[in-house]
Amino acid sequence: MREFFSTYWLYIKTFFKSRAEYRVGFFLGLFSNFYGYFITYATFWVLVSSLGHIGGWDFSDLSILYGLSLLTYAISGTLIWYTVYHLGGIITGGGLDMYLTRPLGVLRQMIFQRFGDTFIGQIIVTIIFLSMAIINKIGTLTPALFAYFLLCIIGGVLIQAGAMILIGSISFWTKRSAEIGELFYYEIRDLTQYPLSIFPRWIQLVLTYVFPWAFINYYPALIILNKTQTVYDFILGLLSPVIGILFLSVSLFVFNRGLRKYSGAGN
Amino acid sequence: MNIIEIEKLSRNFKVAKRDGNFLRYMFRRKHTTVEAVKDISFTIQPGELVGFIGPNGAGKSTTIKMMAGILVPSSGNIRVLEKVPYQNRKSNAANIGVLFGQRSQLWWDLPVSDTFKLLKKIYKIPDNIYKENTNTYGDILGIGDFVDQPVRQLSLGQRMRADLCASLLHNPKILFLDEPTIGLDVVVKKQIREMIRGINAQKGVTVILTTHDMKDIDEICQRIIMIDKGQIIIDKPTGDVKNRFKGNSTITMVFDKIPDELNVPQAESVELKDDGKAVISFNSAIISSAVIISDIISKHKIVDITIKEPEIDDIIRNLYNQ
């Protein structure tokens, strides 16, 4: 683990050195991400101020709901979006062969290879809105709530990373997975920007049991905002980190199967 | 001890058949199995310089990838440094250096030295060895002049030298070079070849390379393994292959006065042309050019003589055609 962090740190330093060659591009990328997601928050604000609330959720509630989703997405994206999520291109470009000739795990090398600098913009904008919402709504976090909050962020990161790994792994079989990712990850996950309760029952079930995106933010937000109505809501909320571990394990299993298929051990 | 042992090794790939119209290709694809490598066997000794040749798609890269632990064989046995590479991928990786000529492992926007530092970390190279290797290889490969320039500003030849150095930093026992001279000009090719020989001589590194340039083989390799359609056609010392095809040696003579008849014992063919030229083909392993020439000179008056030994390129072309 120490070895991992010290190597990652060296890679990050090296990455920023190479990024410095294109300073303008770097800052523009950061800014455009910040700006893009700032607009999303502003849209919520406009929506909520004209509607009063969405399904009983005011702007602070929605900021926490969306903030959990965006923060976990950005953290996971910083680690693996540029590499694992785009595995198809790495396979066709011969990059995977290079990883396989080095004495380290493939996934580990992919994390090292590209630090997702552009996600920093999203992290900053989320932290601003998330902190404002917490101060507004909850005041000071009790130690228990704070611990739960952290656990949910970890759980969310694991689910988002799991999704990215799973979608990237599809490339082992199909050579490309961007379209599948767009369809089942981005588009469906976007529904979780709004409280799940406003959707028809079947969508709620799909987002819980088929694509577990509601565990990233909706169920944890229910507990954090004290909005749980049934024991069932409460249990699902507590399960969120567990789901994260399970989902990541499944996706790692699929990734390793894909790797075996690539090298030909599967046939 | 053999450093590499390969026995009845095969590797199949499933490929989609690209026939019929695009709709059928899109929705109802048929797959066929292609045998990229079929039942090949060979062993390699430590310190050998072996060249793999063969037409595109012959199975050279597939064989290298199996030795490097990237691909798992469909059947057969493979041992590299007494271990099965795909079962011990990481420990195998620590013992081999790999260079894909078509793809760089250097960090594009940064000086070569930055990539070296990352490799030092990945391969856990001790400080003293890292220092020693960057110095010796830096000298052999002449990297010192451009070590601080971003890779994107390097010429292809400089980049290839830096990539070669990168693949050697961790003291690999075996070096796999997949088309190390591709796209380089004649001068740089020559440099790279000298460097590969130098590395082999100084450090005893076993070198296995693939190439389409027969000069690479001629100047670097002691042994040729020729693969075609996944099978080994020839596995011989480079000198033997050249000897076997010395039948392609020719002497062209221009006579002062065209002789009515020219009798050259042990020549393979004699061709008399109207402009006073005679082309004599012979096998230089059987009879030397000196014997033929002195025999003819004693009987006829000669204006000019040209002797041509077969180029390895011609030899290989002959082999491919057979």
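**Overall form of chain B**

Chain B contains 11 helices and 13 strands, where helices (H or I, at least four residues) and strands (E, at least two) are DSSP runs numbered from the N terminus. This is a predicted model, in which local features need pLDDT of at least 70 and side-chain atom pairs count only at pLDDT 80 or more, while totals for chains, interfaces and linings use all residues. Residues are numbered from 1 along each chain as its sequence is written, and chains are lettered from A and ligands numbered from 1 in the order in which they are written.

The C-alpha atoms of chain B fill a box of roughly 75 × 55 × 45 Å along the principal axes. Among its contacts (C-beta atoms, placed from the backbone, within 7 Å) between residues at least 6 apart in sequence, 70% join residues at least 24 apart.

**The interface**

Contacts between the chains involve 19 residues of chain A and 25 residues of chain B. On the chain A side, α1 (2–19) and α5 (95–100) each supply at least two residues, and α1(A) gives the most, with six residues.

**A helix pair in chain A**

Within chain A, the axes of α3 (residues 59–80) and α8 (residues 143–174) come within 8 Å and cross at roughly 55°; axes are lines fitted to C-alpha atoms, for helices over the stretch in contact, and angles run from 0 to 180 degrees between N-to-C directions. The contact includes L68(A) and L71(A) of α3(A), and C152(A) and I153(A) of α8(A).

Technical notes
Two residues are in contact if their C-beta atoms, placed from the backbone, lie within 7 Å.
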